[in-house]
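Take a look at the structure below.

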Amino acid sequence: MLGRLFSKIKKGLTKTRNVFSGIVDLFTGNHRVDKEFLAKLEEQLYLADVGTVATAEIIERVRKGFLDKEVGEDVKLFVRQELRNLLADPSEGIHYAPVGPTVIMIAGVNGSGKTTSIAKLAFRLQSEGKKVCVAACDTYRAAAVEQLTVWAGRIGCDIVKQQQGSDPAAVAHDACEKSKAREFDVLIVDTAGRLHTQTHLMRELEKIHKVVSRQIPGAPHEVFLVLDATTGQNAVLQAEAFRKTVKCTGIILSKLDGSAKGGAIFAIKQRVGLPVKFIGVGEQIEDLEPFDPDAFVAALFDKSED
Ligand SMILES: Nc1nc2c(ncn2[C@@H]2O[C@H](COP(=O)(O)OP(=O)(O)O)[C@@H](O)[C@H]2O)c(=O)[nH]1
Ligand SMILES: [Mg+2]
C-alpha cells in the first residue's frame, strides 16, 4: 500500500484527512461503546460529509456489534470497513469500444473541472500509447475553446473545434468523422458547463449524445460526470439531476486536493450509485488518478505525516 501513488493520494486528501482525523481520534482512550460514543461518532461522520443515510446505517451496525464493549482497534477497523463497503469495487477503468474509436463524453456544471480533467485524461491515455482526439463542444465561451486548444497543444493530441457560438452537435459530428477516418483510439468530448436547472443546455447535451451514437457504434462508450469535491453534498444533487438527462457511466471527482468534503464520495456512491472512476488531486496535467477505494479509505484513516 505504500509507495508513490499512495503518498500522492494521501497528499491530495490532506484537507479531507484533517476532517476524518476527528473520527480516527474517537478510537483512542479508554471508553466503551455507549450512547455518548455513538452520538460522537455520528456527529463526526456527519461532519465528514458521509451523508445522513450512510451515517445512520454505520451507527446502527456499530451499536449492534459493539454495544458496551470497549472502544478499540476492532471498532475502528469495523467502521473503516463499513466505509469501504459503501464504495464500489476498484475501478475497472475505461470501457473501450471493441473496434474503432472509443468515445468519452464529459458533462458537469460550469467550473467543475471538465476541461482540465479532459486534458489530464488525454495525457494519461496518450502516455499509455493511445491516439487521442478531443472535441471542443463547449462552444458557448470563446475561452473554453481556447483553453482546450492550449492543453491539446501541450499534450500533443488532436483537437476538433469550430468558432465560438457554433452548434456543439456539429463539432461532435466532425470529431466523430475525423476519429473514424484517422483511426483515433479515443475521442474525448468536452461540453458546455450547464446548471442542472438549465433545460435548454441539458437538451444540448442530449443532442450531442444522439449525434455521437449515430456516428459511432456503441458511442458514447463512457459518459463521465465531473463533480467538484469542494461542493460536498451539492455534488450529490448535481449527479442526481444529470442522470435524468443523460445516462452517465461514471464520475470524475475533481479538486479533492482543495476540498475538506471528500467524504461526500460516500454519499455520492450511495445516493447516485455511479462509480467514481477518476479523482483529480491537483491542477497539473499528471494530477488525475484512477480511483482506488481501498487506497482512498486507507489514506483517510492514516494519520502519519508523509
Ligand atoms: N486544485 C484543483 N483544481 C482543479 C482540479 N481540476 C480542475 N481544477 C481547477 O478548476 C478550475 C475550473 O476548471 P475547468 O476545467 O475550466 O472547469 P470546466 O468549466 O468544468 O471546464 C480551473 O482553475 C482548474 O485549474 C483539481 O483536481 N484540483
Ligand atoms: Mg470547460
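## Helix α5

In this predicted model, V79, E82, L83 and L86 are the buried residues of α5. Viewed down the axis of α5, they fall within an arc of 95°, so they line one face of the helix. The face turned away from that buried side carries the exposed residues E73, L77 and Q81.

What do the buried residues of α5 pack against? Their partners are α4, α11 and α12 (293–301). The length of α5 fits too: its 14 residues should span 20 Å at 1.5 Å a residue, and its end C-alpha atoms are 20 Å apart.

## Helix α4

Helix α4 covers residues 52–66. From first C-alpha to last, its 15 residues reach 21 Å, close to the 21 Å expected at 1.5 Å a residue.

Which residues of α4 are buried? They are A54, T55, I58 and V62. Down the axis of α4, the buried residues fall within an arc of 100°, so they line one face of the helix. T52, E60 and K64 are exposed on the other side of α4. The buried residues of α4 pack against α3 (35–47), α5 (73–86) and α11 (264–272). After α4 comes D68, with a positive phi near 70°.

## Around ligand 1

Ligand 1 has 19 residues around it. Those that come nearest are G113, K114, T115, T116 and G280. Helix α6 (residues 114–127) gives the largest share of the shell, three residues.

How many residues of each class does the shell have? Twelve are polar, five are charged and two are nonpolar.

Definitions and conventions
Residues are numbered from 1 along each chain as its sequence is written. Chains are lettered from A and ligands numbered from 1 in the order in which they are written. This is a predicted model: local features need pLDDT of at least 70, side-chain atom pairs count only at pLDDT 80 or more; totals for chains, interfaces and linings use all residues. A residue is near a molecule or strand if its C-beta atom, placed from the backbone, lies within 6 Å of it. Helices (H or I, at least four residues) and strands (E, at least two) are DSSP runs, numbered from the N terminus. Ala, Val, Leu, Ile, Met, Phe, Trp, Tyr, Cys and Pro count as nonpolar, Asp, Glu, Lys and Arg as charged, and the others, Gly among them, as polar. The expected span of a helix is 1.5 Å times one less than its number of residues. A residue is buried if 20 or more other C-beta atoms lie within 10 Å of its own, exposed if 12 or fewer, and partly exposed in between; C-beta atoms are placed from the backbone. The arc is that of the directions from the helix axis to the C-beta atoms. Two residues are in contact if their C-beta atoms, placed from the backbone, lie within 7 Å.
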